Amino acid sequence: MSEQVVPPDLERQLQAVVVREARLLDEQRLDEWDRLFADDGVYWLPASSSAQDPRLEASHLYDDRMLRRVHIERLRSAHAHSQQPAGRCHHLLQTPEVIEADLAGGIFGLRTAFLYTELRAGRTVTLPGVAHHRLRRAASGFLIVLKRVDLLHAGEALPAVEFYI
Amino acid sequence: MINSATRWTRAALRALVRDNEVHRAVYTDPEIFNLEMSRLFRSTWVFVGHDSQVPNAGDYFTTSVGAEPVVMVRRADGGISVLINRCSHKGVRLVSEGSGNLGRFIRCPYHAWTFGTDGALQNIPLRDGYDGTGFEATEARLGLARAGAVEVYRGFVFCRLSGEGVGFHDYFGESLSTLDNMVDRAPAGRLEVTGGMLRYMHGCNWKMLAENQTDACHPMVAHESSAGTTVRIWGEQPEGTPKPMAVEQFAPFVGTYKFFDNMGIRIWPNGHGHTGVSDSIHAAYSAIPGYQEAMVAAYGEERTRRILGEVRHNTMYFPNIMVKGPIQTLRVFKPLAADRTLVESWTFRLVGAPDLLLERTCMYNRLINSPGSIVGHDDLEVYERAQQGLQSGLRDWVNLGRLFHAGEGATSAEVVRGTSEAQMRNQFRAWLRFMSAHEEAAS
C-alpha cells in the first residue's frame, strides 16, 4: 500500500473511527461495536508481535463475525460464571496515526498505542500495546477490515483477558 | 542437600488420600507443594520438550522440571542433555530463557567458566588459582547438575531428575500408545513443534488442571456459556450455511452426559489414563483434503484405518502433561506455587500432512486454550473458585468418589465409564506413592 499525504479532514474522520471503537468497547455497546466491522472484518490478537499468518501461528484471538457474535453473547449468558460479578474495561489511547493510505482504493491503516485495563471481581489486569486498524471506505463511512492488537506481553504468560482489547 | 524437618511424615501424607476423597491440604498447603517439588517431580518422568526444538548440535531450549530450571541441549554426539541451568561456580543462570544455539560449550556470563553440552566443567580462567585449594573435592568441580535419566521417545523428551528410580518404560507402559498414535498420524512418521506456544497463568493448584482433563461431568455445565452459546448461534444461521471448523470444535463441549459417559476412560498404572476410549469430542471432524491419501500412501489402507480410528480425547501423563493425539496438542501444567500454575499449550505439525491440519490444530489451541478463550474462561473461573473455597476450614474433604468400586486400580488398562472419577483417584494413588516413597532418600 502506498503512503500518501492524507488531507486533515480525512485524517480526523479516520481517527474518529478508532476513538469511537474503543469507546463502544468501554461502554459495552458491543452490538454497535461489532457493526463497525466489515462483513469480512476480523479481530486479531496474536501471541507474538512478529506473527504473520493467523492460520498457522498461535493467537489469543482471531475472531470473524460469527466468533465475535459468540463472544459477545457469551458475556451476556446467565451461565457465564466468570462474569459474575460483571467486569468492565478501559482503553487509554494515544492519538491514532495514519501510517498507510491508499486514497484511490479507499484503504487506510492506523496505528494507535494504548493502555488497556480490565477489572473483574476486584482484580485488575493492565496491558500496554499497539492497535493496528485497517479501514475500508464504504457507503456508510469507514468499516474495519482488520483490527490487529499487538500486546507488549503477547508472548508472555497472560492472565485471562475476557473482553476485546 | 539439607532437608528441613516436615510434619508431613509418611503416615500424615497417607491420611490425606482416602479411597474416595482427598484432604484440601493437597491443594492449599505450601509445605506439601514444596514436597511435591522435592519428591514427586524428581522421582517421576516429567516432560521436558521435543527433539524438533533442538535439531542441530548446540541448539537449546530452556524450561522447568518441577521447581528446577533446566536447559535441554543437543550434544555434538546427537544425544540430548537435560542440565540444571545454574553455574557450578556462583549459581548464576547460565542460559537465557527461550531457545537458540550455544555453540560447542556453555559459557557463564559472570566469570567465563565454561561447560560442555554434557554439563562437564571444561575451563576456568586463571585455573592455576585453584591449585592446591581442595578444588577437586568441591561440588563446583562436578560441573552442572543434570537429570538422572533422559529418554527421547518418538521425539518427546522426558527426564527423571533423580539418579535412581523407576525406568521410563516401566513408568509409562502402555500409556505410550497415545504418543504413538499422535506420531503415527504424520505421513512422514514424525512431528515438529510449530505454531508457537500459548502461555496462560492460572491462580490455582496444578492438580486441579490435571484432574479436569478426565472430568466428563463438567463440560455440559461449565461450558454452557461458551459452547452452548456457539450451538445456539450456529442454529440461527440460514439453512445450507457451511459448518465452520470453529463450530465443529466448540459444539461437542456441550455433548450430553450420555455421550461423555459412553466414550469411556482407560486407566493405566502410575497415574496415567485417558478419556475417549470408543468415541470422543474429536471423532466427528470433517475430512481434510489430501490427508487420507497421504496416509494411505505411507501406511496402506488397513493401518491408516486403525491409526485414524483411534480418537482418544485427553490423555493424562502423570504428573503434569495432557496430550491430544487427534488434534496434535500438548498441555503442560507447570507448578509455580500451591495456588499458582503456568499452563503452556503446544501445537505440533504432522510432517507430510496438508497445512490445513496445522491450521485446525492452531484453531483448537486458540479457541480452547488461549487466555482469550471463552472455554478457558469457564474453566479458570471454577478452578480459582475452588482454590478460594478450599481455604475454608470448616470442611476438609474434596470428593472424588463418583463410580468408585473396591479393588479399583488392581488391573492394568481397566476401562470404566466416561463419567467415572476413577482417573482422578488413579492420579492420587500415584501421588501418594511418589510422595511418600522417598521420605528419607530425597537427594
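Q: In this predicted model, between which two strands of chain B is the place of B:N270?
A: The structure shown is a predicted model. B:N270 has a positive phi of about 65 degrees, although it is not a glycine. Its place is in a loop of chain B, between strand 14 (265-267) and strand 15 (273-275).

Q: Is B:N270 buried or exposed?
A: A residue is buried if 20 or more other C-beta atoms lie within 10 Å of its own. B:N270 has 22 other C-beta atoms within 10 Å. Therefore B:N270 is buried.

Q: What is the omega of the peptide bond from A:Q84 to A:P85?
A: Most peptide bonds are trans. The bond from A:Q84 to A:P85 is cis. A:P85 lies in the loop between helix 3 (65-76) and strand 3 (88-93) of chain A. The omega of this bond is near 5 degrees.

Q: Which residue does a cis peptide bond join to B:F318?
A: The bond has an omega of about 5 degrees. The residue asked for sits in the loop between strand 16 (315-317) and strand 17 (321-324) of chain B. The partner of B:F318 in this cis bond is B:P319.

Q: Is B:S88 buried or exposed?
A: B:S88 is found in the loop between strand 5 (80-84) and strand 6 (99-101) of chain B. Leaving aside neighbours within four places in sequence, its contacts include B:L121, B:E139 and B:L144. With 21 C-beta neighbours inside 10 Å, B:S88 counts as buried.

Q: What distance separates the C-alpha atoms of B:S88 and B:P269?
A: B:S88 and B:P269 are 181 residues apart along the chain.

Q: What is the bridge partner of B:F105 in strand 8 of chain B?
A: Strand 7 and strand 8 (residues 114-116) of chain B run antiparallel. Three bridges join them. In strand 8, the partner of B:F105 is B:G116.

Q: Why is strand 19 of chain B described as largely enclosed by the rest of the structure?
A: Strand 19 covers residues 340-350 of chain B. It counts as largely enclosed because, of its eleven residues, the number buried is eight.

Q: How many bridges join strand 18 to strand 19 in chain B?
A: Strand 18 covers residues 329-337 of chain B, and it runs antiparallel to strand 19. The two form a hairpin with two residues between them. Across the pair, B:T329 stands opposite B:T347. The number of bridges is eight.

Q: What is the bridge partner of B:Y200 in strand 19 of chain B?
A: Strand 12 (residues 191-193) of chain B pairs with strand 19 over three bridges, in the antiparallel sense. Strand 13 (residues 198-202) of chain B also pairs with strand 19 in the antiparallel sense, over five bridges. B:Y200 has as its partner in strand 19 B:V343.

Q: What distance lies between the end C-alpha atoms of helix 13 of chain B?
A: Helix 13 has 15 residues (355-369), and twelve of them are buried. Among the buried ones are B:L357, B:C362 and B:I368. At 1.5 Å a residue, the helix should span 21 Å.

Q: Which element supplies the largest share of the side of chain A that touches chain B?
A: The contact takes 30 residues from chain A and 32 residues from chain B. Strand 2 (59-63) and helix 3 of chain A each supply at least two residues of the chain A side. The largest share is seven residues, and it comes from helix 3 of chain A.

Technical notes: Residues numbered from 1 in each chain as written. Chains lettered and ligands numbered in written order. Predicted model: local features only at pLDDT ≥ 70, side-chain atom pairs only at ≥ 80, totals over all residues. Pairing = 2+ DSSP bridges. Helix = DSSP H or I, 4+ residues; strand = E, 2+ residues; numbered from the N terminus. Contact = placed C-beta atoms within 7 Å. Expected span 1.5 Å × (residues − 1).
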